[in-house]
Amino acid sequence: MQPASRVYLDNQATTRCDPRVVDAMLPWFTEAYGNPHSVEHAMGREAEAAVETAREQVAALIGAQANEIVFTSGATESNNIAIKGAARHALRMGDDRRRIVTLATEHKCVLQSVADLADEGFEPVFLPVDADGLLDLDRLRAALAEPTLLVSVMAANNEIGVLQPLAAIAEIVKAAGALLHTDAAQAAGKTQVDVGVGIDLLSLSGHKLHGPKGVGALYVRRRPRVRVAPLFSGGGQERGLRSGTLPAPLAVGLGEACRLAWAQMVGDAARATELRDRLLAGLSAAIPGLRVNGAMSPRLPGNLNVTFPAVTAVRLMEAVPELCVSTGSACSSATIEPSYVLRAIGLSDEEAARSLRFGIGRFTSAADIDFAIAALADAHATCAAREAA
Amino acid sequence: MTYLDANASEPLRPQARAAAIAALDATGNPSSVHAAGRAARRLLEDARETIASRFGARPADVVFTSGGTEANALAIAGLGRGRSVIVGATEHDAVRAAVPDAALLPVRPDGTADLDALDALLARTPGALVCLMLANNETGVLHPIGDAAAICRRHGALLHVDAVQAAGRMPVSLRGTGADSLAVSGHKLGGPPGAGALILAEGRSDIAPVLRGGGQERGRRGGTPALPAIAGFAAAAARGAPPGIAGLRDAAEAAAVACGAVVCGGNAPRLPNTTSVALPGIRADAQVIALDLAGIAVSAGAACSSGKVATSHVLAAMGLGPLAGQAIRVSLPWSVQPADIDAFATAYAAMAERLRRHLAA
């Protein structure tokens with residue numbers, strides 16, 4: 001199969017690197033190869049200047065200051081540093097709070113980072129979500145009755161796209177005196193995310209917003225100052241928070257991707273919403289009984305997650321190999337376990353197995369959507385008929 | 001600009017650039033099962049096979065990381081769990097800072113590890129994890145790693161080797177060294193920054209992650225792999241140092257010695273591209289700045305600590321006293337030309353003369 005014949009609707013797994021991002025990175029893949037930490041010579045200083053511009057671009061996307069941005073290898077690393085780092089720093093400072101609160105529907109790297117901390121004497125609390133996928137604020141208040149160190153709530157879910165009410169959550173978390181971390185890997189660049197609502201730590205990823213793989217950022221609030229312990233030590237780069245040579249080309253790519261996302265957010269979001277609604281309308285018309293998972297609003301513009309009435313997701317994907325979609329998080333898509341996110345919003349294993357995630361991105365066309373509708377409608381009818389026979 | 005700071009970062013090799021740029025166009029997530037994901041997965045696994053064969057290991061034992069620092073951190077956290085740790089006195093900060101309370105293994109005046117001391121240390125702490133670099137980043141001095149591995153084995157100790165500077169400049173094989181793990185970095189061998197690997201010996205491969213995530217890298221390192229950087233890393237790793245590089249290094253060194261410089265670690269086996277030359281009485285940062293103004297990029301030590309110029313812990317451990325604050329590192333990139341060495345020799349002579357006159361005034 002030729003790549004050109006593929007229809008890519010898996011933009012929550014990863015996105016195409018925008019050609020303008022690639023162009024911005026190219027000089028750093030060619031003539032400019034200084035180590036940004038080698039400020040003793042001119043080539044190092046050029047790289048440093050480019051990295052600092054990128055830092056400003058990342059900061060601007062989320063309403064932060066440049067000196068609040070730490071470059072990492074991606075959102076997984078950002079989440080690990082934020083959660084383990086905040087907990088370990090507090091422990092070191094003699095803080096006696098041990099509770100760490102998160103949601104059952106967080107990305108696996110958040111769930112595992114929180115769970116790992118149990119071995120270090122912390123008390124993980126995993127809050128359920130309602131049938132829409134949203135956190136019940138009263139449950140959060142109740143959990144925070146016990147002195148709590150950190151609350152980690154994702155901005156947008158990676159499978160069902162629902163947006164958690166971060167501003168309201170921040171207010172409650174603040175009142176309880178805890179820190180608030182948000183995994184904004186899916187939300188950043190797609191929908192407004194402003195650290196000004198009271199976010200202390202925020203993770204984002206390059207390849208989820210049309211930037212390159214291998215780079216991400218962690219926002220660490222400066223005023224009042226939030227402190228986290230590094231995950232690993234070394235040359236002391238990124239103010240000691242993240243050692244290792246900064247990958248200048250990747251950082252430049254992330255910066256440009258953030259700049260473009262900010263500049264185009266309104267238009268990109270409107271297009272993605274329109275295409276998403278077209279997809280849902282088309283599928284619903286062709287396949288009676290199709291059900292949407294998670295609240296339609298507020299939701300990521302480009303996300304749709306549906307349960308098909310009669311055919312499993314795996315069968316549908318096999319029937320339409322040109323269509324790149326997924327049954328859930330990419331990291332675990334090689335496993336056949338039912339999605340824990342769909343289970344958390346009340347689907348049975350069997351229903352979860354009949355569910356597909358669609359991710360619409362900047363480069364998705366109306367023709368892609370129409371192909372998906374026609375191909376899936378056809379496949380669903382054929383497979384259902386075969387099963388009935 | 002004459003770039004003689006390769007140990008901070010090698011210029012990108014053309015093959016690596018082509019591979020990285022091609023990989024930027026691969027949209028899929030290597031963990032996705034659809035066609036785009038499988039294409040990305042193929043790129044990743046091809047890179048893994050290249051790295052494995054280049055460094056004497058099995059593909060399943062290669063864990064891709066964001067670079068050398070993370071690879072070292074993963075080795076120390078993973079292999080060091082429940083063990084006491086011994087660290088070479090001249091190790092990179094990535095290793096020293098990872099275990100600040102580790103026992104230090106002294107080096108001999110030529111910069112090589114003191115193996116008698118290793119034997120004695122391990123007699124007291126059998127079953128320790130020993131961290132020893134293959135080649136030093138400041139002097140290029142090579143440790144007798146095979147001998148160190150044999151001593152470790154005798155005491156039931158594990159050996160982790162930081163091969164970040166050696167890889168790409170000399171043949172490096174995990175099986176050949178007899179070590180338990182090997183850390184390598186992409187941008188130190190002509191790949192793009194942002195990728196590296198921890199390469200594990202058979203039987204040591206099942207280590208706990210530092211980055212918890214979606215189970216990537218067989219559960220040993222979470223996070224979507226940095227595909228473009230990894231593809232570039234593999235393409236660069238297939239190359240080696242250019243044949244004439246030791247001769248050019250010797251010429252640069254001779255030019256400095258002719259101006260009164262002392263070579264640090266010059267009597268030990270060294271990387272072919274690196275020399276550390278001290279100018280008695282002249283501060284290293286003054287030398288680096290003067291050379292920078294003359295268009296020559298060198299460094300006073302590790303790039304990570306650039307800007308905070310202090311005495312080199314590497315040279316101090318070799319017993320060089322005040323010279324430890326007076327040495328610059330000259331490290332030749334794979335792309336070095338004879339004209340670069342001529343430019344260095346001219347600038348160095350002018351720098352030495354001017355700074356000495358300044359000192360005398």
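Tutor: We'll take a helix first, then the contact between the chains, then the backbone. Keep in mind that this is a predicted model.

Student: How many residues does α12 of chain B have, and how far does it reach?

Tutor: Helix α12(B) runs over residues 338–360, which is 23 residues. From first C-alpha to last it reaches 33 Å, close to the 33 Å expected at 1.5 Å a residue.

Student: Which of its residues are buried?

Tutor: Ile341(B), Phe344(B), Ala347(B), Tyr348(B), Met351(B) and Ala352(B).

Student: Take α9(B). At what angle does it pack on α12(B)?

Tutor: About 10 degrees, with the axes 9 Å apart. Angles under 35 degrees count as roughly parallel, so α9(B) and α12(B) are roughly parallel to each other.

Student: Which residues make that contact?

Tutor: From α9(B), Leu248(B), Ala251(B), Ala252(B), Ala255(B) and Ala256(B). From α12(B), Pro338(B), Ile341(B), Phe344(B), Ala345(B) and Tyr348(B). By class that is 10 nonpolar, no polar and no charged residues.

Student: New topic. How many residues are in contact between chains A and B?

Tutor: 60 residues of chain B are in contact with 61 of chain A. On the chain B side, the helices that each supply at least two residues are α1, α2, α3, α4, α8 and α10. α1(B) gives the most, with 4 residues. That side of chain B divides into 31 nonpolar, 23 polar and 6 charged residues.

Student: Now the backbone. Where are the cis peptide bonds in chain A?

Tutor: One goes from Arg223(A) to Pro224(A), with omega near -15 degrees. Pro224(A) is in the loop between β8 and α7 of chain A. Another joins Ser297(A) and Pro298(A), with omega about -5 degrees. Pro298(A) lies in the loop between β9 and β10 of chain A.

Student: What about phi at Glu217(B)?

Tutor: Near 55 degrees, a positive value in a residue other than glycine. Arg218(B) also has a positive phi, about 55 degrees.

Student: Buried or exposed, Glu217(B)?

Tutor: Glu217(B) is buried, with 21 other C-beta atoms within 10 Å. Arg218(B) has 13 and is partly exposed.

Technical notes. Residues numbered from 1 in each chain as written. Chains lettered and ligands numbered in written order. Predicted model: local features only at pLDDT ≥ 70, side-chain atom pairs only at ≥ 80, totals over all residues. Expected span 1.5 Å × (residues − 1). Buried ≥ 20, exposed ≤ 12 C-beta atoms within 10 Å, placed from the backbone. Contact = placed C-beta atoms within 7 Å. Nonpolar A, V, L, I, M, F, W, Y, C, P; charged D, E, K, R; others polar. Axes fitted to C-alpha atoms, helices over the stretch in contact; angles between N-to-C directions. Parallel < 35°, antiparallel > 145°, perpendicular 65-115°, else oblique.
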